[in-house]
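Colleague: Thanks for making time; please walk me through this one.

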Amino acid sequence: MPTHRTHTIHLFKEQTQVPCNPDSTLLEATLAAHINHAHACGGQGKCSTCRVSIMEGLAHCSPPNDAEREMAEKLKFPPEIRLACQTKLIGNVSIRRMVSDKLDLDIISQQFSENSNSALGSQQRLTIVFTDIVNYTSFAEKFPPYDIVHVLNRYYRIMNTTIQKNEGFISDVAGDGILAIFGLDNPKQNSVLLALKAIEEMNSSLIEFNVYLQENFNTSFGIRAGVHYGDVIVGPFDTGEMKKLAVIGDNVNYASRIEFANKEFNTNVLLSEAAYHEVKNLYPNYNVFETSLKGKTGQYKLYEII
Ligand code: FES
């Protein structure tokens with residue numbers, strides 16, 4: 001015999017509790033309690049604005065129905081993100097509404113319309129590459145800002161083409177530094193190998209670029225790179241004016257430190273231990289360095305392909 005016991009929804013942000021009977025959806029229960037719960041499509045499972053994060057009691061939620069499964073697949077929802085309009089309860093839950101004001105609504109509407117693979121932010125195992133330019137500082141000291149900006153833009157454009165050709169993307173640039181990510185679109189590929197190919201081709205592109213630099217500025221550049229493989233958080237970061245797909249996390253800092261260690265060992269490309277394990281059967285010979293890295297405790301092995 002079906003139970004009609006009323007369950008309790010604890011709303012984390014509002015610090016309140018509302019009752020939910022087994023025949024009602026989460027959304028119906030919160031609206032009945034006069035919570036201003038966004039539901040742009042009217043509860044049809046088509047907009048995702050009613051999404052909630054189940055903080056406790058995920059096992060007390062009904063399994064996702066077809067509409068919710070389709071939405072979750074499209075927007076890459078982790079299991080704890082549920083559509084309140086499609087979810088019923090068999091026990092108590094604690095939830096956090098994810099769309100709480102107009103700004104949230106704008107951001108989510110935009111993500112929804114873009115239908116990006118990384119629309120919501122997710123943790124992924126990727127290859128992270130930091131590069132900087134050998135000789136950049138002496139160049140920047142000698143030439144006026146116009147020339148510096150122009151040369152950097154030319155450099156970024158050439159390197160972006162090379163990185164994209166090898167299925168990477170530039171997540172960020174700062175001064176002469178590039179942060180590039182590989183493995184986002186096709187996790188089954190060896191993303192460290194893609195990154196190493198990209199670095200090799202960046203160096204090839206640099207030969208032609210250096211002809212231009214010699215002719216115009218009597219200088220030439222080199223590239224130093226740090227390569228790491230690990231979990232990062234990928235997501236669209238949006239200031240309203242500027243938006244970009246960015247990666248964050250300790251592994252990003254780690255890749256940056258590895259790049260920096262090139263100066264200490266007078267090398268051009270260094271791999272972390274995790275990156276090395278991905279390609280050690282493809283590149284058999286290495287120089288191995290052991291060092292501490294700024295901001296990290298312990299000793300780290302870094303690998304140079306020879
Ligand atoms: S209200 Fe639109 S998906 Fe739930």
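Modeller: Gladly! A crossing counts as left-handed if the near helix is turned anticlockwise from the far one by less than a right angle, and right-handed if clockwise. This is a predicted model, where local features need pLDDT of at least 70 and side-chain atom pairs 80 or more, while totals for chains, interfaces and linings use all residues. Residues are numbered from 1 along each chain as its sequence is written.

Colleague: Which hand does the crossing of α5 and α6 have?

Modeller: Residues including Tyr 155 and Ile 158 in α5 meet a set in α6 with Ala 198 and Phe 209 among them (contact: C-beta atoms, placed from the backbone, within 7 Å). The crossing is right-handed.

Colleague: How far apart are the centres of domain 1 and domain 2?

Modeller: Domain 1 spans 7-114 and domain 2 spans 122-305, with bounds from an automatic or database assignment. Taken over C-alpha atoms, their centres are separated by 40 Å.

Colleague: Which residue stands opposite Thr 16 in β2?

Modeller: Strands β1 (residues 7-11) and β2 (residues 16-20) pair antiparallel over five bridges (pairing takes at least two DSSP bridges). Four residues lie between them in the hairpin, and Gln 15 in the turn has a positive phi of about 50°. Facing Thr 16 is Leu 11.

Note on methods:
Helices (H or I, at least four residues) and strands (E, at least two) are DSSP runs, numbered from the N terminus. Two residues are in contact if their C-beta atoms, placed from the backbone, lie within 7 Å.
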